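Open the structure in a viewer and keep the sequence panel beside it. The tour goes from one selection to the next and says what is found at each stop.

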Amino acid sequence: MKLKAVGLSISSFLFYISCIRCKIPIYIGGFFPMQDGLWDGSGILPASEMAIEDVNNHPDILTNYELRMVWNNSKCAHGPTIRSLFHQIYSEPTKLMILGAGCSSQTSTIAETVPPWNLVQVSHASSAPGLDDRVKYPLLFKVHPSEKVTNVARAALMQKFGWKRAALLYTDDGSFNAIMADLQKVFEQNNITVIVSDTFSDDPKHALQNIKRKDGRIIIAAAFEDNARKILCEAHKLDMTSGIFTWMFPGWYATDWWKVNDTTCDQADIEKAATGSIGFEVSSFTDVDAQTDVSKTAREFTEHYTNLTQNGNYAALEYGPYGYDSVWVVAFALDKASKALLNISKSLEDFTYDSADIADIIFKSVDTTNITGVTGDIKFDSNGMRIGSTTIHQLQDSSTVTIMRYDDSTGELQGTSNSFTWKTENGGPPSDGPLVTTEWKKLNQPLFYVLSTLAVIGDLFVIFIFIMNIRFKHRKIIKLSSPNLNYIICGGSIILYTGVILNGMITDDLTKATEDTDVLALSCIINTWLFVVGFTATIGTVVAKDWRIYRILTQDKTSKQTIKDWHLICGVSVLVLIDFITMTIWTAVDPLVYEKTSLDTEKTGQDVFVEPYILTCSSKSYAWMGVIMAAKGLLLLFGAFIAVETRNIKMNLLNEAKEIALTIYTVLVLAGIGVPINFVVEKNIDFKYGVTSIFVILGTTVMLAACLFPKVYTVLKISVADESIMVANMRAQTVNAPVDKSTVLKIQITQLESKLKKVEDELHSYKSNGVDG
């Protein structure tokens, strides 16, 4: 009986062993960054292998399968990763899923490559924000929370200490670029200014010099450990490690990372520079004794993992828990998928790289995974990202000390900030930089008042000439100067003078409302329209007058063609219409706006600076301004040509020719000087406004004084009779004919009778006064 019992026991044991061996092996492809790569994450591998062993020993997970892994060294480099990936795909056995690759850039490489082979990917250590693009990476899940969590934690700590300015420094790498781009967005949402964001490939010296020049005090660096040491070495040389500076680094560096001597600085200098630096790391553990859905608690994992790695040269051990949990995510997903496949009469071993239906079930199984691992609760959002918390620690006395935690679910910092140690003189947290205020640099008010006063005087001068032209329009001298054209010149002159005033009238109220872009754009557009239309109305009319003189001189003597005022008015109207069409298209297609243009920062006191800015009127393209300036330039050149042709006219009846020539020459010279100045001194608003306004006032005044005022002065000075003689003489000289003596005698008799009448009136008045006396 005893022998029979023993035989049955042995048979049962052998049957049990055979059942284990009869499990169907299923394979996943693993990718790990080992010691010979850019980043050493070799500590993830033993944790993953431990998890595979625990999964295969679990009585309720993948009961009919044995999970196996074929792994390769990704070396944190694209070439080895792609080569290993294709080797795994085209070599037996078929892999059901991909685990890895560690470095974010290689994880993205795999994630972009594997969709045609229907391979769902679970990443154990990658954390770049850019990996949350579900369209670009349709089959990727990340067990390690995204760096977005640490970015939010950075912003929370910045706000905790009232830091509003930060400098970003990172290596030009895809993953770090994505992390820093996301950080800038987070800072913008929290009203934190990035004063400089600079990258480097191998030597951070120039980038650090730029940060120091911009007076960056809170410096957030993102780089692998070797480049982090280079940063600290150069920072030490540039005296950027004193108490006024605060350095922040990724928190996932290896233990004692600052002690590696691979820079031109002494190891002691690197450690001194690193002391006080703050690290941000996604939290790696839940409560150490909390119940989990995997085989071990966090404490049990730590004990086993420590024993497993203590005799080996493993790095990045802090990522071991994520490697362990990643395998469990794969196991739970495959276990769930194996049961779901029964509904379509398939199994995991039926998977091929063409099995989109099986891959879809595996994907949904991972997507709905909700377990508690040694790193805490694991579940994924719609982008395959896991949400976690962040540990904030600081390097103190050659050891890393955990100070605070940031809970992304509550959005709160946990812990006390008093545990931080600072290298400042008072032992308190440093400031984020000197006191810098922005200030709108307004136009110099005395300059504005002086030029506005001159412009107002110019407007009054124009109004006086305008009124005189209307009042004495029946006088022959005024008639000969074409008063209708004079009215246009007066109107254009008022526009130019008024434009000088409006161009400097951007008030404080308007500046405070810089968000009201419509108001600013309107003022910008109005100023431009005023100058363009005013210039065309004045110079166009002056050139039209000179053109008539030129035509009279050059036309055939037998020609009876007469150029009337309305011909010239129509010509000027066409030029103004062209301006209106051009300006309307410009405003509709590429409207002018006021933009803030920052000037050089000015020091106004100890650690107190002002960052002035000005408002400049511009559009996206300079082509429109070029078209306007070219048109006005051609008008001036044409006027200059006509002026040269009529410069030697001696006929008094056409005595406006020389005055018009003077006007055109003056405006041409002023424009030739003023236009380049506008571009060269664009940021010096006082000089630009002053020169431009003076040139506009000077050119307009010369035109009025030369072309219009002499006629008004003559009318006021001489009588109607004298005017008649003057005009008669002018006509005679013009046609080279003798003066009609009878007409002159009649005029002289009329003048004498007038004088005699005046004398008689005075004599009568004298006698009356004598009698009364």
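Select helix α2 (residues 44-57) and helix α10 (residues 298-309), whose axes come within 10 Å and cross at roughly 120°. Helices here are DSSP runs of H or I with at least four residues, numbered from the N terminus. Axes are lines fitted to C-alpha atoms over the stretch in contact, and angles run from 0 to 180 degrees between N-to-C directions. The angle makes α2 oblique to α10; under 35 degrees counts as roughly parallel, over 145 as roughly antiparallel, 65 to 115 as roughly perpendicular and the rest as oblique.

Now show side chains. I44, P46, A47 and M50 of α2 meet F301, H304, Y305, L308 and T309 of α10, where contact means heavy atoms within 4.5 Å. This contact has 7 nonpolar, 2 polar and no charged residues. Ala, Val, Leu, Ile, Met, Phe, Trp, Tyr, Cys and Pro count as nonpolar, Asp, Glu, Lys and Arg as charged, and the others, Gly among them, as polar.

The model is predicted: local features need pLDDT of at least 70, side-chain atom pairs count only at pLDDT 80 or more, and totals for chains, interfaces and linings use all residues. Residues are numbered from 1 along each chain as its sequence is written, and side-chain values use heavy atoms, with hydrogens and water left out.

Next, select helix α13 (residues 445-471) and helix α15 (residues 483-503), which pack at about 165° with axes 9 Å apart. That angle makes α13 roughly antiparallel to α15. Their crossing is left-handed. The contact of α13 with α15 holds 16 nonpolar, 6 polar and 1 charged residues.

How many cavities of 30 Å³ or more are there? The count is 3. A cavity is a set of points on a 1 Å grid over the protein atoms alone where a 1.4 Å probe fits but cannot get out; lining residues have an atom within 4 Å of a point. Points are joined across faces, edges and corners, and a volume is the space filled by probe spheres set on them.

Select C103, S104, S127, F224 and W252, which lie nearest the centre of the largest cavity among its 15 lining residues. The volume of the largest cavity is about 150 Å³. Helix α6 (residues 174-189) gives the most to this lining, with 3 residues. The lining of the largest cavity has 9 nonpolar, 5 polar and 1 charged residues.

Finish at F245, T246, T275, G276 and K423, nearest the centre of the second largest cavity, which has a volume of about 100 Å³. Its lining divides into 5 nonpolar, 9 polar and 1 charged residues.

Definitions and conventions:
1 Å grid on protein atoms, 1.4 Å probe; cavity = no way out; pocket = protein on both sides within 12 Å on 5 of 7 lines; lining within 4 Å. Helix = DSSP H or I, 4+ residues; strand = E, 2+ residues; numbered from the N terminus. Left-handed = near helix turned anticlockwise from the far one by under 90°.
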